[in-house]
Amino acid sequence: MARDSGIWQNSFIFISVDFNFSLRPKIKRQQLQQRQGTKTGKKKKMHSFGYRANALLTFAVTILALMCAIASLSDNLNTPSPSAQIEILNINWFQKQPHGNDEVSLTLNITADLQSLFTWNTKQLFIFVAAEYETPKNALNQVSLWDAIIPAKEFAKFSIHTSNKYRFIDQGHNLRGKEFNLTLHWHVMPKTGKMFANKIVMSGYHLPEDYR
Amino acid sequence: MIVTSALIIWKALMCITGSESPVVVVLSGSMEPGFKRGDILFLHMSKDPIRAGEIVVFNVDGREIPIVHRVIKVHERQDTGEVEVLTKGDNNYGDDRLLYAQGQLWLKRQHIMGRAVGSGFGAPLAIFGEDLPGPNLALRFLPYVGWVTIIMTEKPIIKYILIGALGLLVITSKD
């Protein structure tokens, strides 16, 4: 660690020493001792408190960064095997808004087992259910209907009935009879390091042909 | 010496990640408990399309401070591939439409500065025990690191002054 910070000083010293001993062998002994004297003087100054604190801090930050990286890499050893099912229990209502956009309200039953996604380096799991579909104007529409934060492994196996937390609104009026996928996404948020995300796509859902 | 190395690493990160601000500090509690105030986020901006669930950092026209929230709605055009997204902080009740500019309903790609790919400095502090006064103190000071970043981005003249001062320091130091 001392080497790291003194690298410029060392290289200058190296070059000047080399200069003295190999390129100019005729330098008088006195001059040589003078120069070395000044260098030793500088070396004493290098061991000041500020210098040591600086070196220690650099070292500490480097070690911290390394520990974070190792913790993150350990997440790759985990092989998760999550499972999920989503059922649409009811279409509560399906209307066209005054501005012309379609909106639908659903009640869902979401069952999942995401316990295998947790590692020691996992702070929480952020999961959400999104409806994904295509329209003539839009190649892809992803509308998040519900989300939750799973803070620990114990809570990762669950089954809930809920209506959509966020409004399912289209850009336009394309939803009548629309076939769509319901995707359960999860984002593993680590205590430190890289975040992982993945999803399970469940297809075959459709909306009614008429407004209700 | 630490400051210069930090600046070099910063610039290198900017080149590697291709983003204006490769590292950001979380300033508000709107993404708790995932990201707490003072957490450091690493950003990366790629050409990959923006999808629901991603955590993005965006600027709203007229606001200086970038916001770090999650994308909850995506509408991608067939013809142009242009995308309109809606974001929301995990810890907020409602979506971000209140934060967008007057009359703005969606964010577009040009508003987005980067995607968060990872966060740091949470773990070692958790390992060493949150009751220790030391690490908690450090965490409280980290938000101020974020303000330095913001000031440097907003007023580039300060960045030049800082680099100039550092240069002077290097030249005039006896070592």
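Which side chain does R167(A) meet in a salt bridge, and what is the N to O distance?

Author: This is a predicted model. In it, the side chain of R167(A) forms a salt bridge with that of E103(A), with 2.9 Å from N to O. The arginine, R167(A), sits in the loop between β5 (157-163) and β6 (168-169) of chain A, while E103(A) belongs to strand β2 (residues 102-113) of chain A, so the bridge ties together parts that are 64 residues apart in sequence. The two ends have unlike surroundings. R167(A) has 48% relative accessibility and counts as partly exposed, because the cut-off for exposed is over 50%. E103(A), at 6% relative accessibility, counts as buried, since buried means under 20%.

Over all chains, the count is seven salt bridges. Another of them is in chain B, where E76(B) pairs with R51(B) and the closest N and O atoms are 3.1 Å apart. This pair, too, links distant parts of its chain: E76(B) is in strand β4 (residues 67-77) of chain B, and R51(B) is in the loop between β2 (40-44) and β3 (55-58) of chain B, 25 residues away. Here the glutamate E76(B) counts as buried at 14% relative accessibility, and the arginine R51(B) counts as partly exposed at 23%.

Chain B also has a salt bridge between the side chains of E84(B) and R77(B), at 3.6 Å from N to O. E84(B) is buried, its relative accessible area being 13%. Salt bridges with shared partners join R77(B), E84(B) and K108(B) into one network.

The strand that holds E76(B) has partners on which the rest of the picture can be built. Within chain B, β3(B) and β4(B) run antiparallel and are joined by four bridges. I55(B) stands opposite R70(B) of β4(B) in this pairing. In a regular strand, side chains alternate between the two faces of the sheet. In β3(B), I55(B) and V57(B) point one way, V56(B) and F58(B) point the other way, and all are buried.

β4(B) also pairs across the chain boundary. Five bridges join β4(A) and β4(B) in the antiparallel sense, and V143(A) has K73(B) in β4(B) as its bridge partner.

Around that pairing lies the contact between the chains, to which chain A gives 40 residues and chain B 36 residues. The area buried between chain A and chain B is about 3,300 Å², and carbon and sulfur atoms give 58% of it. On the chain A side, Q142(A), Q171(A) and M195(A) lose the most area to chain B, together 17% of what that side buries.

What about charge across this boundary? Between chain A and chain B the count of salt bridges is zero, whereas 17 residue pairs are in polar contact, both residues being at pLDDT 80 or more. Elements that give two or more residues to the side of chain A that touches chain B include α3 (29-46), α4 (49-74), β3 (122-133) and β7 (179-190) of chain A. β4(A) gives the most to that side, with eight residues. By residue type, the side of chain A that touches chain B divides into 17 nonpolar, 15 polar and eight charged residues.

Definitions and conventions: Residues numbered from 1 in each chain as written. Chains lettered and ligands numbered in written order. Predicted model: local features only at pLDDT ≥ 70, side-chain atom pairs only at ≥ 80, totals over all residues. Heavy atoms only, no water. Salt bridge = Lys/Arg side-chain N within 4 Å of Asp/Glu carboxyl O. Buried < 20%, exposed > 50% of the residue type's maximum accessible area, 1.4 Å probe, protein only. Pairing = 2+ DSSP bridges. Contact = heavy atoms within 4.5 Å. Buried area = accessible area lost by both parts, 1.4 Å probe. Polar contact = N/O pair within 3.5 Å; in protein donor to acceptor, adjacent residues only side chain to side chain. Nonpolar A, V, L, I, M, F, W, Y, C, P; charged D, E, K, R; others polar.
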